[in-house]
Amino acid sequence: MNDVRVLVVDDQQLIRESIASLLGIQPGIRVVGTAGDGRAAVDRAVELLPDVVLMDVRMPVMNGIDALAVLRGRAPTCRVVMLTTFDDEEYVVHALRGGASGYLLKDRPARELAAAVLLAHDGIAQFDPAAAARLAAALSRSTPTPTIDHALTEREVEVLRLVAGGSTNREIARRLYVSEGTVKNHISRILTRLALRDRTQAALYARDHGLL
């Protein structure tokens with residue numbers, strides 16, 4: 001299996017180089033480049049086409065949220081994981097709405113960052129517990145009237161609710177007394193029927209349609 005190619009973006013050189021060095025020795029990962037601000041990150045991503053971009057949020061010239069938005073158009077195949085020292089809910093929500101494949105705080109051990117990168121490459125978003133708590137708080141403040149999309153079956157709506165609540169495939173399988181393979185099939189159909197890219201967009205869809 002080919003290594004996952006990663007671009008590391010952070011405006012602090014020491015942090016940028018440290019993360020790149022630590023990730024570079026993790027199995028299954030190859031760091032292909034670094035950048036010091038959002039604009040440079042976009043240029044490097046377009047040039048290198050990494051599989052995953054580890055993106056700092058607060059940077060000069062162009063911040064990580066704006067860079068994420070640009071990358072969605074110029075390098076749509078790149079998965080972007082936001083990496084920051086901040087757990088502010090506004091950044092989390094904007095990152096998710098922008099299509100981020102995860103949101104992690106910088107104090108994670110290298111092996112956890114590596115695991116998040118590999119999962120992001122596979123389309124599975126990872127969130128720092130503090131970031132997840134902030135997101136849950138933001139989503140719970142506004143509860144629109146439930147509107148269940150007629151394209152989904154009752155079981156698929158149930159799975160969607162559990163996905164939006166942060167449950168893993170294994171946890172959903174145990175909750176519904178089905179196999180993990182069945183859960184994966186349900187999630188695949190949900191994403192296809194609702195024209196969603198990944199679990200983070202599914203969570204936002206569930207919130208926007210009052211399913212939480």
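Is Asp 198 buried or exposed? Asp 198 is buried, because its relative accessible area is 4%, where buried means under 20% relative accessible area, exposed means over 50%, and partly exposed lies in between (1.4 Å probe, protein chains only). The structure is a predicted model, in which local features need pLDDT of at least 70 and side-chain atom pairs count only at pLDDT 80 or more, while totals for chains, interfaces and linings use all residues. Residues are numbered from 1 along each chain as its sequence is written, and side-chain values use heavy atoms, with hydrogens and water left out.

The protein chain has 212 residues, of which 47% count as buried. Its secondary structure comprises ten helices and six strands; helices (H or I, at least four residues) and strands (E, at least two) are DSSP runs, numbered from the N terminus.

Consider next a pair of helices. Two packed helices are described by the angle between their axes and the distance between the axes. Helix 7 (residues 154-164) packs against helix 9 (residues 180-193) at an angle of about 95 degrees, and their axes are 10 Å apart. Axes are lines fitted to C-alpha atoms, for helices over the stretch in contact, and angles run from 0 to 180 degrees between N-to-C directions. Helix 7 and helix 9 are therefore roughly perpendicular, the word used for angles of 65 to 115 degrees. In this contact (heavy atoms within 4.5 Å), Arg 155, Glu 156, Val 159, Leu 160 and Val 163 of helix 7 meet His 186, Ile 187, Arg 189, Ile 190 and Arg 193 of helix 9.

Side chains of opposite charge can pair when their charged atoms come close. A salt bridge is a side-chain nitrogen of Lys or Arg within 4 Å of a carboxyl oxygen of Asp or Glu, and by this rule there are twelve salt bridges. Glu 156 forms one with Arg 193, with the closest N and O atoms 2.6 Å apart. Because Glu 156 lies in helix 7 and Arg 193 in helix 9, the pair ties together parts that are 37 residues apart in sequence. Glu 156 is buried, at 2% relative accessible area, whereas Arg 193 is partly exposed, at 41%.

Asp 198 has a salt bridge as well: its partner is Arg 197, and the closest N and O atoms are 3.7 Å apart. Arg 197 is partly exposed, at 36% relative accessibility.

Finally, eight of the ten residues of helix 10 (residues 199-208) are buried, so this helix is largely enclosed by the rest of the structure. Among the buried residues are Leu 204 and Tyr 205.

Terms used:
Angles under 35 degrees count as roughly parallel, over 145 as roughly antiparallel, 65 to 115 as roughly perpendicular and the rest as oblique.
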